[in-house]
Amino acid sequence: MGTTIAKVNIMEYDTVALDDANNAVVIIDQTLLPGRTELAALKTAQEIWEAIYLLRVRGAPAIGVAAAMGIYILAKQIDTEDFEVFYGKLCEYKEYLDSARPTAVNLSWALKRMAAAALKAGREERKPVSEVKEILRREALEIRDEDIRVCRKIGENGLLLVKPGDGILTHCNAGKLAAVQYGTATAPIYLGQEKGYHFRVFADETRPLLQGARLTAFELCSAGVDVTLICDNMSANVMSKGWIQAVFVGCDRVAANGDTANKIGTSVVAAVAKHYGVPVYICATTSTIDMETPAGAEIKIEERPAHEVTEMWYKEPMAPEGIKVYNPAFDVTDHKLISGIVTEYGIARAPYTESLKEIMDKKADS
């Protein structure tokens, strides 16, 4: 489970951090929120894997950063000066961590990037293993720093789509807790708060893990944002009253055609928003865009245990014993329901097969 460090104020700490001196990845344990806010130190492969699988650390960007830091911590523990032996063990760790969650592309993206950095340094440049480990440390920290820069830029681009006083609906948690600092879907909200925009935010509770209630409502409230918690089946009600001018959500994977996978229920919100003429914006780092996946139908959807629906949030089971439960963690929102995909390199709009390619080309040339 990792070592508990201390109770903390959520706004004073990064969601994921590297404690190099103590050979640990330090996370805010999100399974304890909002009741307790504690840091946990992860030192072993099993602890890192379980933290990702059990959602102690979650959100596509944060998972990527945790994986990068985790593979570095594990690389430090490989006791050999033979690069091929070192790299073989590193790849074993990589495959193990990558198996924790299949839908979020940032997990495999970060691990592939770390492995590529090691391979280039050790096999192509023939650097000693000690230097390869140092290169991995720098790469992990660069992934962290990139996340902060990227999320802030997404916030700046997203802020162009709304005006002061707007009502914003968000689903699940794509906030600070899903990244290192700003988050993706909440980045425009935090930057707007800095500018005195006084947004009115509505946060869906988001079944089955209640990440909107436990995490988004908690972090926005902690930051002093005007936030109202609503149940998932209330989105049509608040939109019909004219309280929502935009929907901002994050995502775990963007397909090449603009279909997006996000926490279950996002597609329902998007369909309702389409009916009421409310624009839906997906806030996504370019590392979340998977141009090798042609459409949302190709995205593997993670299924979670039944007890997350029937027992987890209740003193006693709230469903009949033995009842069949279908518990997908994500659904796919059709690109036709999406008004724009906000990235750090600009806002993609339909046709997404063209605009997403342009954004990825811009990234490649930067």
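At 31% relative accessibility, Asp334 counts as partly exposed, a class that lies between buried (under 20% relative accessible area) and exposed (over 50%), computed with a 1.4 Å probe on protein chains only. Its salt-bridge partner Lys336, with the closest N and O atoms 3.9 Å apart, is exposed at a relative accessible area of 58%. A salt bridge here is a side-chain nitrogen of Lys or Arg within 4 Å of a carboxyl oxygen of Asp or Glu.

The model is predicted, so local features need pLDDT of at least 70 and side-chain atom pairs count only at pLDDT 80 or more, whereas totals for chains, interfaces and linings use all residues. Residues are numbered from 1 along each chain as its sequence is written, and side-chain values use heavy atoms, leaving out hydrogens and water.

The structure holds 26 salt bridges, including these:

| Pair | N to O distance |
|---|---|
| Asp20 and Lys76 | 2.8 Å |
| Arg101 and Glu302 | 3.1 Å |
| Lys336 and Asp334 | 3.9 Å |

Arg101 lies in the loop between α3 (83-98) and α4 (105-124) and Glu302 in the loop between β12 (289-290) and α10 (307-310), so their bridge ties together parts 201 residues apart in sequence. Both Arg101 and Glu302 are buried. By contrast, Asp20 is partly exposed at 26% relative accessible area, and Lys76 is partly exposed at 27%.

Of the 366 residues of the protein chain, 56% count as buried. Among contacts (heavy atoms within 4.5 Å) between residues at least 6 apart in sequence, 76% join residues at least 24 apart.

Key
Helices (H or I, at least four residues) and strands (E, at least two) are DSSP runs, numbered from the N terminus.
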